[in-house]
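Thanks for coming, everyone. I'll take a few minutes to walk you through a structure that is new to you. Please have a look at it first.

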Amino acid sequence: DRTMKGVSFPWPQLDKPQFFYVSSGQEEIAGSGTSYLNRTEASSVEKLVTRFLNSGVKPEQIGVITPYEGQRAYL
């Protein structure tokens, strides 16, 4: 019940549709001056989320977690 038909994605474990994505990129101070953001990482998240949405996944079925307020605001 955790997988959807028609969503083609190379999950590391097919029975657990979740993963941690590590990307390299330059962190920078966010506009608030008190947090960080990584534009390269944000671009990767945008591409992944767009792929899911185009496959029929509903927005409320997608979760993106970041410890940085600056990254959350940028996304």
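Let me begin with one term. A residue counts as exposed when its relative accessible area is over 50%, and as buried when that area is under 20%. In between, a residue is called partly exposed. Keep in mind, too, that this is a predicted model.

Now, the overall layout. The chain has two helices and two strands. Starting at the N terminus, the order is β-β-α-α. Along its principal axes, the C-alpha trace spans about 45 × 20 × 15 Å. The chain has 75 residues, and 23% of them are buried. Its accessible surface is about 6000 Å². Carbon and sulfur atoms account for 51% of that surface.

Next, charges. There are 8 positive and 8 negative side chains. The centres of these two sets are 7 Å apart.

What about contacts along the chain? Take the contacts between residues at least 6 apart in sequence: 48% of them join residues at least 24 apart.

There is also a database record. UniProt, in an unreviewed entry, lists residues 10-74 as "domain: DNA2/NAM7 helicase-like C-terminal". Over that stretch, the chain is 34% helix and 9% strand.

On to the inside. Which residues make up the largest nonpolar core? There are six: Val7, Phe9, Trp11, Leu48, Phe52 and Val57. As a general point, nonpolar side chains in soluble globular proteins tend to be buried together. Look at valine 57 in particular. Leaving out residues up to four places away in sequence, valine 57 touches Met4, Val7, Phe52 and Ile62.

First up, lysine 5. Lysine 5 sits in the segment before β1, which covers 27-29. Is lysine 5 buried or exposed? Its relative accessible area is 84%, so lysine 5 is exposed. Aspartate 15 is ten residues from lysine 5 in sequence, and their C-alpha atoms are 13 Å apart.

Next, glutamate 46. You will find glutamate 46 in helix α1, residues 39-54. Why does glutamate 46 count as exposed? Because its relative accessibility is 52%, and the cut-off is over 50%. Leucine 75 is 29 residues from glutamate 46 in sequence. In space, C-alpha to C-alpha, glutamate 46 and leucine 75 are 7.8 Å apart.

Last, tyrosine 68. Tyrosine 68 lies in the loop between α1 and α2, and α2 covers 69-74. With a relative accessible area of 33%, tyrosine 68 is partly exposed. What does tyrosine 68 touch, not counting residues up to four places away in sequence? Glu27, Ser35 and Tyr36. And back to lysine 5: tyrosine 68 is 63 residues from lysine 5 along the chain, and their C-alpha atoms are separated by 33 Å.

That's my tour. Over to you.

Conventions
Residues are numbered from 1 along each chain as its sequence is written. This is a predicted model: local features need pLDDT of at least 70, side-chain atom pairs count only at pLDDT 80 or more; totals for chains, interfaces and linings use all residues. Side-chain values use heavy atoms; hydrogens and water are left out. A nonpolar core is a set of buried Ala, Val, Leu, Ile, Met, Phe, Trp, Tyr and Cys residues joined through side-chain atoms within 4.5 Å. Buried means under 20% relative accessible area, exposed over 50%, partly exposed in between (1.4 Å probe, protein chains only). Contact means heavy atoms within 4.5 Å. Helices (H or I, at least four residues) and strands (E, at least two) are DSSP runs, numbered from the N terminus. Accessible areas come from the Shrake-Rupley method with a 1.4 Å probe; for residues, only the protein chains shown count as cover. Lys and Arg count as positive and Asp and Glu as negative; His and the chain ends are not counted. The place of a charge is taken as NZ of Lys, CZ of Arg, CG of Asp or CD of Glu. UniProt positions are given in the numbering used here, feature names are shortened, and annotations may be inferred rather than shown by experiment.
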